[in-house]
Each structure stands twice: as structure tokens, then as C-alpha cells.
Amino acid sequence: MKLPRIRKILAVEPYKVTCLWSTGEVREVNLEAYVKTARPQGPIARLSDAHLFNQVKTDGRTLCWDDLLTLIDDSGAPESAPLDFDPDAMYAMSHLVRPAS
């Protein structure tokens, strides 16, 4: 059995993303509790900004937001990176909207 991955974003609401999964299911991921309990100055807390939250994308496996992280490369220089979530965790915390047909 293949691991479930997000193939397409179908709708975005405050804190919620409805997705088509590789299983054929449509599932809604609700990130409200996760965002509201995040470290206040951390990148996840920034998703409480509706405009920023609505910029969600999928890379074909999970949800991601461009340039929300700053990583330090081998030379010590900062570099922007996307914020993404473990797709298995996203699947586990999602709820079924429509079963696979």
C-alpha cells in the first residue's frame, strides 16, 4: 500500500485546507489548534495571518508555504526555505469529506 500524499488543494478556509489525496479521498486538514498553540515568534504561528495561510501550496506530497523558514547553509549564510508538514501527520489529523470513488 502506498503512503497517502496530497495531490491537489481543492479549497482553503481559515486554518483549513481541503485536499485530494493519492488514495482518491477528499480530506480536510484543520490546522487551527496547531497554529494557535505554536510558539508565538515561530514560523507556524505566522500562519494565523489569513493572507499568508491562503498562500498554501502542495508539492505533490504535503502542504507547504514558501519562504517561512530561514536555514543557515554550510557557509553560515541564511537561506529561505519552505515550511512543510509531515504528510503522514497531515493524513492522520485530517477528516474524511468524500471517500474514494
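1. Ground rules. The model is predicted, so to speak, by record: local features need pLDDT of at least 70, side-chain atom pairs count only at pLDDT 80 or more, and totals for chains, interfaces and linings use all residues. Residues are numbered from 1 along each chain as its sequence is written, and side-chain values use heavy atoms, with hydrogens and water left out.

2. The sheet. Four strands make up an open, antiparallel sheet, running in the order S1-S2-S3-S7. Strands here are DSSP runs of E with at least two residues, numbered from the N terminus, and two of them pair if DSSP finds at least two bridges between them. At the edges stand S1 and strand S7 (95-98); each has a single partner strand, so one side of each lacks a neighbour in the sheet. From one strand to the next, the twist averages 30 degrees, taken between N-to-C directions of lines fitted to C-alpha atoms, on a scale from 0 to 180 degrees.

3. The S3 and S7 pairing. Strand S3 (residues 26-30) meets S7 in the antiparallel sense over three bridges. Which residue of S7 is the bridge partner of Arg27? That partner is Leu96.

4. Tyr15. This residue sits in the loop between strand S1 (6-13) and strand S2 (16-21). Phi of Tyr15 is positive, near 65 degrees, though the residue is not glycine. Tyr15 is buried, with a relative accessible area of 16% (buried means under 20%, with a 1.4 Å probe and protein chains only).

5. Asp67. Another non-glycine residue with a positive phi, about 55 degrees, is Asp67. Asp67 belongs to strand S5 (residues 63-72).

Terms used: Buried means under 20% relative accessible area, exposed over 50%, partly exposed in between (1.4 Å probe, protein chains only).
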